[in-house]
Amino acid sequence: MLPELRQLFRDIHRRRDAVRQADETLREQLVQTGGDLGGKMVAGLLLDLLQLNRQVRHIQALGILVKDFDRGLVDFPHLRDGREVFLCWELDEDDIEFWHEVDAGYAGRERL
């Protein structure tokens, strides 16, 4: 599942950057013209936003909890010794090597 998550987060980050850039450009144009905006840039912005939403829903449908999009931080619900915990993974990590209690969060990560 990690290769799929890596690809999803790479695309999410690319689209996030495109949305930020389009937002900045459109704000500048709106201030300069004082009018309505539309066209290819707005259409591209909307498509990126729709795709981002689709990707987030896809990750959630896999049962994965996204904790931080910028870092690619996710938690996987997991049973450890009969109790629910989270396996914790970040985009720059090679494999899932950490876990934490449900109420502990990132600061409570421990090696598997």
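**View 1. Surroundings of D75 in the predicted model.** In this predicted model, D75 touches G63, I64, L65, K67, F86, L87, C88 and H100, leaving aside residues up to four places away in sequence. D75 belongs to strand β2, which covers residues 73-80. Although buried, D75 has no salt bridge. K67 is the nearest side chain of opposite charge, at 4.1 Å, and a salt bridge requires the nitrogen to be within 4 Å of the carboxyl oxygen.

**View 2. The five-stranded sheet.** The sheet is open and consists of five strands, which follow the order β1-β2-β3-β4-β5 with antiparallel pairing. Strands β1 (65-68) and β5 stand at the edges; each has a single partner strand, so one side of each is left without a neighbour in the sheet. Strands of a sheet pair through backbone hydrogen bonds, in either a parallel or an antiparallel sense. Between β4 and β5, the antiparallel pairing extends over two bridges. F98 stands opposite R111, a residue of β5.

**View 3. The salt bridge between R111 and E97.** R111 forms a salt bridge with E97, and their closest N and O atoms are 2.9 Å apart. This pair links distant parts of the chain, with R111 in strand β5 and E97 in the loop between β3 and β4, 14 residues apart. R111 counts as exposed because its relative accessibility is 54%, and exposed residues are those over 50%. E97, at 32% relative accessibility, counts as partly exposed.

**View 4. The salt bridge between R109 and E93.** R109 and E93 form a salt bridge in which the closest N and O atoms lie 2.6 Å apart. Here too, distant parts of the chain are linked: R109 is in the loop between β4 (98-101) and β5 (110-111), whereas E93 is in the loop between β3 (83-89) and β4, and the two are 16 residues apart. Both R109 and E93 are buried.

View 5. A salt bridge joins D11 to R15, with 2.8 Å between the closest N and O atoms. D11 and R15 are separated by about one helical turn because they are four residues apart in helix α1 (residues 2-33). Both D11 and R15 are buried. The network of salt bridges in this view links D11, R14, R15 and D48. The count of salt bridges in the model comes to eleven.

**View 6. The largest nonpolar core and W89.** In soluble globular proteins, nonpolar side chains tend to be buried together. The largest nonpolar core in this model has 18 residues, of which L5, F9, I59, I64, V74, F76 and W89 touch the most other members. Two or more residues of this core come from each of α1, α2 (40-61), β2 and β3. The largest share, eight residues, is supplied by α1. Apart from residues up to four places away in sequence, W89 touches L2, L5, R6, G72, L73, V74, F76, D94, D95, I96 and R109. Among these contacts of W89 is R109, the partner of E93 in a salt bridge.

How values were computed: Residues numbered from 1 in each chain as written. Predicted model: local features only at pLDDT ≥ 70, side-chain atom pairs only at ≥ 80, totals over all residues. Heavy atoms only, no water. Buried < 20%, exposed > 50% of the residue type's maximum accessible area, 1.4 Å probe, protein only. Lys, Arg positive; Asp, Glu negative; His and termini not counted. Contact = heavy atoms within 4.5 Å. Core = buried A, V, L, I, M, F, W, Y, C linked by side-chain atoms within 4.5 Å. Pairing = 2+ DSSP bridges.
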